[in-house]
Amino acid sequence: MLTEPEAPVERAPGDDLALLGLLQWVSPALPIGAFAFSQGLESAFELGWVTDEASLGDWLEGVLEDGLTRCDLPALSRLHAAWSEGDGEAVAEWDQWLAANRETAELAAEDARLGASLKRLLGSLALLPPDVSSHGPELPEGAGYVTLFAWAARVRGIPVRQALLGFAWAWLENQLAVACKALPLGHTAAQRIVERLRPALVAAVDEALALPDDELGPALPGLALASALHETQYSRLFRS
């Protein structure tokens, strides 16, 4: 018996454009230089803390749970809201809070350099926030990467949850790219780690969106130590 084909799902053009905008901002091809940083992972290899697929998965899961979930992701959600509400004071406050939570010179430099690169890119696309003369929230001087990413998501109409998922995905892809270059890790093994951590990314976003302000802050002494040691590591593939 023949059945009528189902009607296509209606989708607003803006939804599709927002999705494409998210894919643009999290693409490894985005010219902001994220590929140049390892976030302490290269030192973790050198020190023998991460040696194979299993230990890499454990390391990344720990950084996601105790780092991104309690720092970058909840701050990103608050910055997204602040940009949406035109609250320049909140934008500046959360940008400063993130800078204060970068525990090493290397991590602070990464955030600042990626922020500056994304700012230049947005400027070349005529997508920077309006200046103070237009009575909108002003971009803080020397704003970090998360602050610029939040604005980029806002200007593309990306909902906050999808913005957090995209940010976490870009972090995971970059860390796996580091491992494929320096561990070394095969690309198939990297995809197995993706399969392992996909549910953890969703759980991290759920938790980040629910955490109150007084429970925020990373707890990653191992990553901080690895990042600090990387600054003087004799042989390095990644920027310090």
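This is a predicted model: local features need pLDDT of at least 70, side-chain atom pairs count only at pLDDT 80 or more; totals for chains, interfaces and linings use all residues.
Residues are numbered from 1 along each chain as its sequence is written, and side-chain values use heavy atoms, with hydrogens and water left out.

**View 1. The largest pocket and its lining.** Of its 41 lining residues, Gln39, Glu110, Ala170, Trp171 and Asn174 are the closest to the centre. On a 1 Å grid over the protein atoms alone, a pocket is an open set of points where a 1.4 Å probe fits, with protein on both sides within 12 Å along at least five of seven lines; lining residues have an atom within 4 Å of a point.

**View 2. Helices around the pocket.** At least two lining residues come from each of helix 1 (13-26), helix 6 (105-124), helix 7 (145-155), helix 8 (160-182) and helix 9 (187-210). Helix 8 gives the most, with 10 residues. Helices here are DSSP runs (H or I, at least four residues), numbered from the N terminus.

**View 3. Helix 4 against helix 7.** Helix 4 (residues 72-85) packs on helix 7 at an angle of about 50°, with the axes 9 Å apart. That makes helix 4 oblique to helix 7. (Angles under 35 degrees count as roughly parallel, over 145 as roughly antiparallel, 65 to 115 as roughly perpendicular and the rest as oblique; axes are lines fitted to C-alpha atoms over the stretch in contact, and angles run from 0 to 180 degrees between N-to-C directions.) The crossing of this pair is right-handed, a label for a near helix turned clockwise from the far one by less than a right angle. Among the residues that meet here are Leu76, His80 and Trp83 in helix 4, and Phe149, Trp151 and Arg154 in helix 7. Contact means heavy atoms within 4.5 Å. By class, this contact has eight nonpolar, three polar and two charged residues.

**View 4. Helix 3 alongside helix 9.** Here helix 3 (residues 53-66) and helix 9 pack at an angle of about 20°, their axes 10 Å apart. The two are therefore roughly parallel to each other. Their crossing is right-handed. Helix 3 brings residues including Glu53, Leu60 and Leu64 to the contact, and helix 9 brings residues including Arg192, Arg196 and Leu201. The tally is 10 nonpolar, one polar and five charged residues.

**View 5. Helix 4 meets helix 9.** The axes of these two helices come within 8 Å and cross at roughly 55°. That makes helix 4 oblique to helix 9. Leu73, Pro74, Ser77 and Arg78 of helix 4 touch Ala204, Val205, Ala208 and Leu209 of helix 9. Six of these residues are nonpolar, one is polar and one is charged.

View 6. Most residues other than glycine have a negative phi, and most peptide bonds are trans. A cis peptide bond, however, joins leucine 183 and proline 184, with omega about -5°. Proline 184 sits in the loop between helix 8 and helix 9. Glutamine 39, not a glycine, has a positive phi of about 55°, and its place is the loop between helix 1 and helix 2 (41-46). Alanine 126 also has a positive phi, near 55°, in the loop between helix 6 and helix 7.

Terms used:
Ala, Val, Leu, Ile, Met, Phe, Trp, Tyr, Cys and Pro count as nonpolar, Asp, Glu, Lys and Arg as charged, and the others, Gly among them, as polar.
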